[in-house]
Amino acid sequence: MNQPLLPPSLLPRLERLSLNSGRQVRGTAQGKRRSGRLGTSQEFADYREYTPGDDIRRFDWGVYRRTGRPFVRQYWDEQELMVTLYLDVSASMDFGEENKLRYAKKLAAAVGYMALAADDRVAGAVFTDAIRQKLPVIRGKAAVLRLFRFLEEAGPSGVGNIRTAFSTSASLPVRPGMAWIFSDLWLEDGVDGLKDALSYLLAAGQDIVLVQVVSPAEIKPAFSGDLRLVDSELGTGKELAISGRVLESYAAEWKDYTGRISAFCMERGIRYVVIPTDLPLEKGIFQTLRTAGLLG
């Protein structure tokens, strides 16, 4: 029997955190976060001078007695955030001593749990070259098991093509919010396809977080000798003599590839982090994501 995605001992720590969206929140239901607008929560924001028609219950008699001027109290409008979790389940994710797909599921489960614990709305989708399955919008801690079950049941298969996966309106969130993508970013359509997919999400009003989950063997391969390398998604192979020069060339390509992704994300206000699967899950959450300003 598989271990649970998240150990029970981790959940109380996650409940003390919340997701930091880079956009003002304009939800449709009362939640536990500030929207940047004034409204009806119990957290004081400011005073303004009374005008006829204001709610008399907000009239501050203490200020009136001290100054002789009528003021009303204003409060932050706390609204929900719409969080959509996108999980890459293409065949390349099924790799590594610590399986990349399993690790990505754990990260997605942690982010989803924090959102649900904060009364935000959460939706999910798994993708390869198309959206393969969706989790309808859920809300509240009671829905956590639905989220975990949805992630657990997602199995690896197929070719990853993020451009086509996000090219239809049905694949995009219907409301502005926060979109998290968990992927190794080994994509048939490369950086250009990724740029297109991210642009679709930006046009849909999403604050995007791109989490690249990779195996240490993909960052710094330790292979040597004559090998046949097989593409896990296409099934094609190539004979290659692995030498120090080849490994140096690979390291340069890796740096260039992630650098191009990082540059595009910086230009567009997209948060981008790389998390290797040999990093303990708690460090991936409480150090990497928090240091990136994604959690508060």
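A cavity is a set of grid points where a 1.4 Å probe fits but cannot get out, and its lining residues have an atom within 4 Å of a point. The exercises below apply to a predicted model.

**Exercise 1.** Determine which residues line the largest cavity and which helices supply them.

*Solution.*
Step 1. The structure contains one cavity of 30 Å³ or more. The volume of the largest cavity is about 30 Å³.
Step 2. Its lining consists of V191, L194, K195, L198, I261, F264 and C265.
Step 3. Two helices, α6 (190-203) and α8 (244-268), each contribute at least two residues to this lining. The greatest contribution is that of α6, with four residues.
Step 4. Sorted by class, the lining of the largest cavity comprises six nonpolar residues, no polar residues and one charged residue.

**Exercise 2.** Describe how helices α3 and α9 are arranged: at what angle do their axes cross, and is the crossing left-handed or right-handed?

*Solution.*
Step 1. Helix α3 covers residues 100-117 and helix α9 covers residues 281-291; their axes come within 10 Å and cross at roughly 55°.
Step 2. An angle under 35 degrees would count as roughly parallel, and one from 65 to 115 as roughly perpendicular. The helices α3 and α9 are therefore oblique to each other.
Step 3. The crossing of α3 and α9 is right-handed.

**Exercise 3.** Identify which residues of α3 and α9 meet, and classify them.

*Solution.*
Step 1. On the α3 side, the residues in contact are Y103, K106, L107, A110 and V111. They meet L281, G284, I285 and L289 of α9.
Step 2. By class, this contact of α3 with α9 has seven nonpolar residues, one polar residue and one charged residue.

Definitions and conventions. Residues numbered from 1 in each chain as written. Predicted model: local features only at pLDDT ≥ 70, side-chain atom pairs only at ≥ 80, totals over all residues. Heavy atoms only, no water. 1 Å grid on protein atoms, 1.4 Å probe; cavity = no way out; pocket = protein on both sides within 12 Å on 5 of 7 lines; lining within 4 Å. Points joined across faces, edges and corners; volume = space filled by probe spheres on them. Nonpolar A, V, L, I, M, F, W, Y, C, P; charged D, E, K, R; others polar. Axes fitted to C-alpha atoms, helices over the stretch in contact; angles between N-to-C directions. Parallel < 35°, antiparallel > 145°, perpendicular 65-115°, else oblique. Left-handed = near helix turned anticlockwise from the far one by under 90°. Contact = heavy atoms within 4.5 Å.
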